[in-house]
Amino acid sequence: MKSSLFHNYSRREIEIVKGKGAMVWDQNGKEYLDFIAGIAVCNLGHCHDDVVEAVEKQLHTLWHTSNLFQNSLQEEVAQMLTNNCCGNYVFFCNSGTEANEAAIKLARKYTGKEKMITFQHSFHGRTFAAMSATGQEKVKAGFGSMVQEFVHLPFNDVLSFEEEMDETVSAVLLEVIQGEGGVNIGQKPFLKAVEAACKKYGALLIVDEVQTGIGRTGKPFGYQHFDIEPDIITVAKGLGNGFPVGAIIGKEHLFDTFNPGSHGSTFGGNKLAMSAAKAVLQHVFEPEFLKDVKQLGDFYINALKEALKDVEQVANIRGKGLILGIECDAPVHEIILEAEKNGLLLVSAGTNVIRLLPPLNVTKEQLEKSIEVIKASILHVGCNV
Ligand SMILES: *Cc1c(COP(=O)(O)O)cnc(C)c1O
């Protein structure tokens, strides 16, 4: 049958019709271990009982009031966010792109400057400003002139950064681990240098935590591994466990910049979205939960390295917590299709990296099972090259 959808996505053949925890089922009843989790969205797995219960309860009470009225659920979720990071005030929106868009607007208005530094291979979203910030040409192709003025520098390169940085810069926007770009981990000395230069020149440090936030790395936010303090943090993906919700968290000094009428969103912070986010954060920000994520992540990366150490197609394995990448000298797309045949859902990153994003409450047995399938899939494809 001819599709009535734009073909802006290259979709796989299967449709996932049911999920529970880290398991999903397709339209033919075939079972898969889901290590995509909706692209780092379903951090508590599919249909987590407490999230289902919270949203179900809200569903029968009230969905949406607009931001013309008080919203105590927003206050509660905002407090849970600010209690777990260096930020003080929250604005709610509906996606990662919108969060970055809000952060860019906030930084411009606060500093009165336009120039912004971002990095090659970054991904910040697809609205005009977020797309302009993104350091990947393929995202911008065909869309004409971009929002001025974004400069894209090599990631982790202190020298080129210090050469470019001066008092004309409004903000530096970065991912501490570039997710879409290939699971590229920021180096602490580089991130510290960026933070110091921002302070020196009066620029804001914006950390895009859309993929690395909400417990993914074993801490509430990814930046907390690197001893830096952003002025603005942007989040989305994992915050609603599949319910569309995004947010920015800004520091005290930014409070007056977003004054009444300066920015907004009709849906942002909607009661249904907030009921999901509240239930998510009640779990994910528990110290015991985060400790488990760290332990599972450590176990996983070590077990992967051990299992794949003699596989010549594997060039590098890296990650933090439960965002991991396996860099391959073999066609990653084919490995992923082979894994799917064998009941494991994976997604790529960059050009040659298999990205692993299991739900944060995955079991050790499920991690072990995934390693078997990954190894067999790489060997199967590698031997046919
Ligand atoms: C996914 C992603 C975005 C965009 O989020 P959307 O919800 O798709 O708009 C922005 N930044 C990073 C780091 C992401 O991973």
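**Notebook: ligand shell and a strand hairpin**

I sorted the shell around the ligand by residue class and got 2 nonpolar, 6 polar and 3 charged; here Ala, Val, Leu, Ile, Met, Phe, Trp, Tyr, Cys and Pro count as nonpolar, Asp, Glu, Lys and Arg as charged, and the others, Gly among them, as polar. The model is predicted, so I note that local features need pLDDT of at least 70 and side-chain atom pairs pLDDT 80 or more, while totals for chains, interfaces and linings use all residues. Numbering starts from 1 along each chain as its sequence is written, and side-chain values use heavy atoms, with hydrogens and water left out.

I listed the residues around the ligand (a heavy atom within 4 Å): S95, G96, T97, N100, F123, H124, E175, D208, V210, Q211 and K237. Helix α4 (residues 96-111) gives the largest share, 3 residues; helices are DSSP runs of H or I, at least four residues, and strands are runs of E, at least two, numbered from the N terminus.

Next I looked up polar contacts (N or O pairs within 3.5 Å). A ligand oxygen lies 2.6 Å from a side-chain N or O atom of T97, and one lies 2.7 Å from a side-chain N or O atom of Q211. The protein buries 81% of the 380 Å² that the ligand exposes taken alone (Shrake-Rupley method, 1.4 Å probe).

I then turned to the strands. β2 (residues 23-26) pairs with β3 (residues 31-34) in the antiparallel sense over 3 bridges; pairing needs at least two DSSP bridges. V24 stands opposite Y32. Their hairpin has 4 residues between the strands, and G29 takes a positive phi near 85 degrees. β3 also pairs with β15 (residues 344-345), in the parallel sense over 2 bridges, with D34 bridged to L345.

Conventions
Polar contact = N/O pair within 3.5 Å; in protein donor to acceptor, adjacent residues only side chain to side chain.
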